[in-house]
Amino acid sequence: MTESRKAKRILLVNPWIEDVSAYDYWLKPVGLLYISSILKDSGIEPVLVDCLDRYDADFLFSGGESREKYFGTGKFHEVVIPKPESMKDIPRKFKRFGIPEELLRMKLRSAGDVAGVFVTSMMTYWYTGVVDTIRVIHEELPAARIVLGGVYATLLPDHAAVKCGADFLCPGTGVAPVKRALEYLGIDVLPREDWFTALDPDYSHYTRLPYAVLMTSLGCPLRCTYCASGKLWKGFLKRDPLTIADSIERLTGRDETEDMVFFDDAILFGDFKTLLKELSRRKIVRRFHLPNGVHARLLDVEMAGLLYDNNFKTIKLGLETSDPSMQLSTGGKVTNEDFFRAVKNLADAGFTAREMSAYIMLNLPGQKVEDVERSLEKCGELGVYPSLNEFTPIPGTVQWRTLIEDDLFDEEIDPLLLDNSMLPHWWKGGMNASQVQALKEMEWKVRRSLDGK
């Protein structure tokens with residue numbers, strides 16, 4: 001096979017997750033799917049292996065189960081694996097989530113000749129799944145050059161360079177790392193700069209697609225101390241609402257795609273009302289979801305009505321904490337008044353407690369148990385589902401730097417230990433495991449009380 005023919009195909013791999021727990025809460029590798037569209041637009045054939053596809057045809061044919069629960073979400077196939085040395089004293093099982101290893105090996109062997117392999121990465125504390133996936137790729141495709149990008153590669157590039165086993169590292173977001181990766185592989189093409197506004201994520205790889213993840217914007221205008229959005233994206237870029245409506249309309253051509261999920265960091269800062277009005281005008285009927293902590297300050301009466309009219313079934317409000325001083329010190333994203341007003345607007349529009357919920361940060365540095373308890377109680381009083389979101393120190397954030405300067409952990413710490421499920425078992429800078437468990441039990445008690453109303 002000639003080099004020019006090889007250069008027309010690139011293998012894209014979404015790796016396993018390795019953790020004590022994981023759930024398919026609409027986890028699609030959107031960045032990798034955009035890269036697929038960029039490659040196609042540049043005349044290169046992408047081949048996708050998604051280790052987290054619960055509906056993979058080969059997986060289901062071999063007896064695997066999709067384990068669906070609600071709105072397309074569900075449990076991954078899992079297998080217990082040996083614990084890494086760093087967590088040997090933590091009383092939790094360590095698991096690999098995603099398709100079985102032999103199935104991954106089979107898919108790699110059948111991929112054919114490719115110019116290279118692009119592997120993406122998500123959470124920094126999931127890096128061992130990236131390491132093991134790359135190890136298997138090397139074993140099955142020893143001549144292939146492997147390029148690693150994504151969130152982990154961007155936030156912890158030095159760690160990734162030492163640990164991951166890739167041949168080339170491409171930190172960063174947008175089209176720049178794609179250009180560097182193609183140059184490394186010796187492929188002389190120039191990807192388009194307007195990829196986000198002109199292209200859709202490429203869902204053609206999936207034989208069954210119960211849900212699709214969409215983005216109407218990139219980045220966030222705010223700079224919360226615990227969030228890495230500002231580290232990943234410079235500035236705030238919006239996509240044209242009519243173009244987004246076209247994308248959604250194309251996806252409705254797949255009858256099984258019943259759920260559409262928006263994962264923007266700051267969706268209400270964009271032209272979201274225009275999009276909602278356009279969806280209504282086109283009579284696009286699907287279940288829609290906002291799971292990423294929308295800004296309560298911007299959720300006015302009109303917005304609430306448009307969300308209800310367009311069949312939104314999941315709306316997560318970013319409360320984070322009900323402590324006014326902590327709200328201010330972490331970035332001023334929301335006040336209690338903002339939150340109360342947003343909940344009232346949603347309730348008046350017709351949303352139930354189960355459909356609207358509030359993210360409450362758990363185990364923020366300096367946070368007291370009583371603060372979380374007050375937040376949970378307030379959710380019960382207002383009739384909104386509480387959703388505890390355990391704090392994880394994210395490399396590159398303001399809070400990460402502060403914690404290191406305060407000697408609460410070392411900068412060279414194994415990122416696995418910063419997983420929110422691991423943190424309470426060893427960290428002296430916050431709540432312990434028993435306190436966290438007690439607050440989770442209180443969360444479920446509040447939920448059950450709301451279900452009974």
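This briefing describes selected features of one protein structure, grouped by topic. The model is predicted: local features require pLDDT of at least 70, side-chain atom pairs count only at pLDDT 80 or more, and totals for chains, interfaces and linings use all residues. Residues are numbered from 1 along each chain as its sequence is written, and side-chain values use heavy atoms, with hydrogens and water left out. The structure holds 42 salt bridges, a salt bridge being a side-chain nitrogen of Lys or Arg within 4 Å of a carboxyl oxygen of Asp or Glu.

**Helix H5**

- Helix H5 covers residues 127-140, which makes 14 residues. Helices (H or I, at least four residues) and strands (E, at least two) are DSSP runs, numbered from the N terminus.
- From its first C-alpha to its last, H5 reaches 20 Å, close to the 20 Å expected at 1.5 Å a residue; the expected span is 1.5 Å times one less than the number of residues.
- Ten of the 14 residues of H5 are buried, so the helix is largely enclosed by the rest of the structure. Buried means under 20% relative accessible area, exposed means over 50%, and partly exposed lies in between (1.4 Å probe, protein chains only).
- The buried residues of H5 are Tyr127, Thr128, Gly129, Val130, Asp132, Thr133, Ile134, Val136, Ile137 and Glu140.
- A network of salt bridges links Glu18, Arg96, Glu101, Glu102, Arg105, Arg109, Asp132, Arg135, Glu139 and Glu140. Among the buried residues of H5 are Asp132 and Glu140, and both of these belong to the network.

**Individual salt bridges**

- Lys179 and Glu193 meet through their side chains in a salt bridge of 2.2 Å, N to O. Lys179 belongs to helix H8 (residues 176-184) and Glu193 to the loop between H8 and helix H9 (195-198), so the pair ties together parts that are 14 residues apart in sequence.
- Lys179 is partly exposed at 22% relative accessibility, whereas Glu193 is exposed at 53%.
- Glu302 and Lys273 form a salt bridge in which the closest N and O atoms are 3.1 Å apart. Glu302 sits in helix H13 (residues 301-309) and Lys273 in helix H12 (residues 272-281), so this pair joins parts that are 29 residues apart in sequence.
- Glu302 is partly exposed, with 38% relative accessibility, and Lys273 is partly exposed, with 22%.
- Glu390 and Lys440 form a salt bridge with the closest N and O atoms 2.8 Å apart. Glu390 is in strand S16 (residues 385-390) and Lys440 in helix H18, so the pair connects parts that are 50 residues apart in sequence.
- Glu390 is buried, with a relative accessible area of 16%, while Lys440 is partly exposed, with 27%.

**Negative charge on the surface**

- Asp158, Glu405, Asp406, Asp407, Asp410 and Glu412 gather in a patch of negative charge on the surface. A patch is made of residues with over 30% relative accessible area and no salt bridge, and like charges are joined within 9 Å.
- Glu412 is located in the loop between helix H17 (398-405) and helix H18 (433-451), and at 68% relative accessibility Glu412 counts as exposed.
- Asp407 is also found in the loop between H17 and H18, and Asp407 is exposed, with a relative accessible area of 67%.

**Positive phi angles**

- Most residues other than glycine have a negative phi.
- Asp407 has a positive phi of about 60 degrees although it is not a glycine.
- Trp26 likewise has a positive phi of about 60 degrees and is not a glycine. Trp26 lies in the loop between strand S2 (17-19) and helix H2 (30-41) and counts as buried, at 1% relative accessibility.

**Distances between residues along the chain**

- Ser357 is part of strand S15 (residues 356-362) and is buried, with a relative accessible area of 5%. The C-alpha atoms of Ser357 and Ser387 are separated by 6.4 Å, and these two residues are 30 residues apart along the chain.
- Val369 is found in helix H16 (residues 369-382) and is buried, with a relative accessible area of 17%. Between the C-alpha atoms of Val369 and Arg145 there are 49 Å, with the two residues 224 residues apart along the chain.

Key: Patches are made of residues with over 30% relative accessible area and no salt bridge: like charges are joined within 9 Å, nonpolar side chains (Val, Leu, Ile, Met, Phe, Trp, Tyr) within 5 Å. Accessible areas come from the Shrake-Rupley method with a 1.4 Å probe; for residues, only the protein chains shown count as cover. Lys and Arg count as positive and Asp and Glu as negative; His and the chain ends are not counted. The place of a charge is taken as NZ of Lys, CZ of Arg, CG of Asp or CD of Glu.
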